[in-house]
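Here is a short briefing for someone meeting this structure for the first time. Look it over, then read the points below.

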Amino acid sequence: MASSSASASPAPGPAGEPLRRKRILSSKLYLDVPSSKVPVVYSPAYDISFLGLEKLHPFDSAKWGRICRYLTREGHLEKKRVVEPLEACKEDLLVVHPEAYLNSLKCSFRVALIVEVPPVSLVPNWIVQKKLLHPFRKQVGGSILSAKLALERGWSINVGGGFHHCSAEEGGGFCVYADISLCIQFAFVRLNISSVLIIDLDAHQGNGHEKDFANDGRVYTLDMYNAGIYPFDFTAKQYIDQKIELASGTKTDEYLEQLDKALEVCKSRFQPQLIVYNAGTDILDGDPLGRLKVSPEGVINRDEKVFRFAKDQNIPLLMLTSGEILLHFVVCSPSHKSDNAVFLCTNHFAVLSGGYMKSSARVIADSIINLSNKDLIELGSQLG
């Protein structure tokens, strides 16, 4: 918590802080981005195409690409001006994650547990690495680079990332790598900053980064979430500096009122040099696992409030579009005949949270367009 001593967290492991610092300083992820580019980070490699499994459920596994296509096709953003990041390599990931955790991802069964998709356990690990973990590592690289861009330009958007259920030691909820913790640790060393505010407005509690920065006074966490849904991490809750627990069914007006109050309190408590904003859209009305009732206009208004909060105080802001997903696979009863069992399992395979309804990409694109129209960001196009 921000009120605790400023010890570095998560723990860098047996090799200690010098090795962590060395890894950060030797990383290639902090690219020099020309001024002709806008601080919007995306790669086609973000999008997941996994042996057709992505077609068996309503998860929009190409959500990230859909957001950018909306922006480019409608003339708000030129494709050539988007920044493409590098993939985070093992040395980059070791800045936060123990080697034992990274090695565990070489087992497809372990990955299947984290992403909560049992069939992944049957897939050869080299395919899992290429089709699932590579896109995640690319998004991690995007989150890390976006912090640098935010400090240089005043704002940045990674059209991906936001894996807030993953901590240094443990993945979960489809979050394999702790990109929020990684981008902050990189920022401490490479950007010479010492205070970061995390504003986590995903419908689910951001238990991963909360555990990672439990005893780090440089990080202040504002987390507004539905207290009646996953992850029910009561240990992590005690590390939240400012928690706003919502009830299922919270509607737009109440949500925005709670946000206004929270931002006002936050302003008086903590003065950050960087804001990391996890902008989950699973708060949308109709998202079955988010269980909130916020309208698309409410999401757009929410993002505008956060960006205005940062701009009014002249604080650089990095926005992540929240890649957290919860996957639930219904195991068929053994009493069914095998053919029917396969059909039933396939029919009930679902990704239903993290803002991954088909409409969420449209809402995120509309929100980015609104930020541009309100002069809170500059996309540099004729329409933006």
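Glu17 is partly exposed, with a relative accessible area of 32%; here buried means under 20% relative accessible area, exposed means over 50%, and partly exposed lies in between (1.4 Å probe, protein chains only). This is a predicted model, in which local features need pLDDT of at least 70, side-chain atom pairs count only at pLDDT 80 or more, and totals for chains, interfaces and linings use all residues. Residues are numbered from 1 along each chain as its sequence is written, and side-chain values use heavy atoms, with hydrogens and water left out. Helices (H or I, at least four residues) and strands (E, at least two) are DSSP runs, numbered from the N terminus.

**Salt bridges**

- A search of the whole structure finds 18 salt bridges. A salt bridge is a side-chain nitrogen of Lys or Arg within 4 Å of a carboxyl oxygen of Asp or Glu.
- Glu17 forms one of them with Arg20, and the closest N and O atoms are 3.5 Å apart.
- Both residues of this pair, Arg20 and Glu17, lie in helix 1 (residues 17-26). They are three residues apart, about one turn of the helix.
- An α-helix has 3.6 residues a turn, so residues three or four places apart point the same way.
- Arg20 counts as buried because its relative accessibility is 1%.
- Lys138 forms a salt bridge with Glu84, and here the closest N and O atoms are 3.7 Å apart.
- Lys138 lies in helix 6, while Glu84 lies in the loop between helix 2 and helix 3 (90-93), so the pair ties together parts that are 54 residues apart in sequence.
- Lys138 is buried at 11% relative accessible area, whereas Glu84 is partly exposed at 43%.
- Lys374 forms a salt bridge with Glu304, with the closest N and O atoms 3.0 Å apart.
- Lys374 sits in the segment after helix 13 and Glu304 in helix 11 (residues 296-312), so this pair ties together parts that are 70 residues apart in sequence.
- Lys374 is partly exposed, with a relative accessible area of 38%. Glu304 is buried, at 13%.
- Salt bridges also link Glu74, Arg362 and Asp366 in a network.

- Seven strands form an open sheet, in the order 1-2-7-6-3-4-5, and the pairing is parallel. Two strands pair if DSSP finds at least two bridges between them.
- Strand 1 and strand 5 (242-246) are the edge strands, each pairing on one side only.
- Strands of a sheet pair through backbone hydrogen bonds, either parallel or antiparallel.
- Two bridges join strand 1 (residues 40-41) to strand 2. Val40 has Ile157 as its bridge partner, and Val41 has Asn158.
- Four bridges join strand 2 to strand 7 (residues 317-320), and these two run parallel. Trp155 is partnered by Leu317 in strand 7.
- From strand 2 (residues 155-158), Trp155 and Ile157 point one way, and Ser156 and Asn158 point the other way. All four residues are buried.

- Asp223 is found in strand 4 (residues 219-226).
- Asp223 is buried yet has no salt bridge. Lys237 is the nearest side chain of opposite charge, 9.4 Å away. Lys and Arg count as positive and Asp and Glu as negative, while His and the chain ends are not counted.
- The side chain of Asp223 reaches the backbone nitrogen of Gly206 at 2.8 Å.
- Residues that Asp223 touches include Asp200, His204, Glu210 and Lys243, not counting residues up to four places away in sequence. Contact means heavy atoms within 4.5 Å.

**Helix 2 and the cysteines**

- Buried residues in helix 2 (residues 63-73) include Trp64, Ile67, Cys68 and Leu71.
- Helix 6 and helix 13 (360-373) are among the parts that cover the buried residues of helix 2.
- Cys68 counts as buried because its relative accessibility is 6%. Cys107 is partly exposed, at 37% relative accessible area.
- A search of the whole structure finds zero disulfides. A disulfide is a pair of cysteine sulfur atoms within 2.5 Å.

**A loop residue**

- Val117 lies in the loop between helix 5 (108-115) and helix 6 (125-153). Val117 counts as buried because its relative accessibility is 5%.
- Val117 and Phe174 are 57 residues apart along the chain, and their C-alpha atoms are separated by 8.9 Å.

Methods. Polar contact = N/O pair within 3.5 Å; in protein donor to acceptor, adjacent residues only side chain to side chain.
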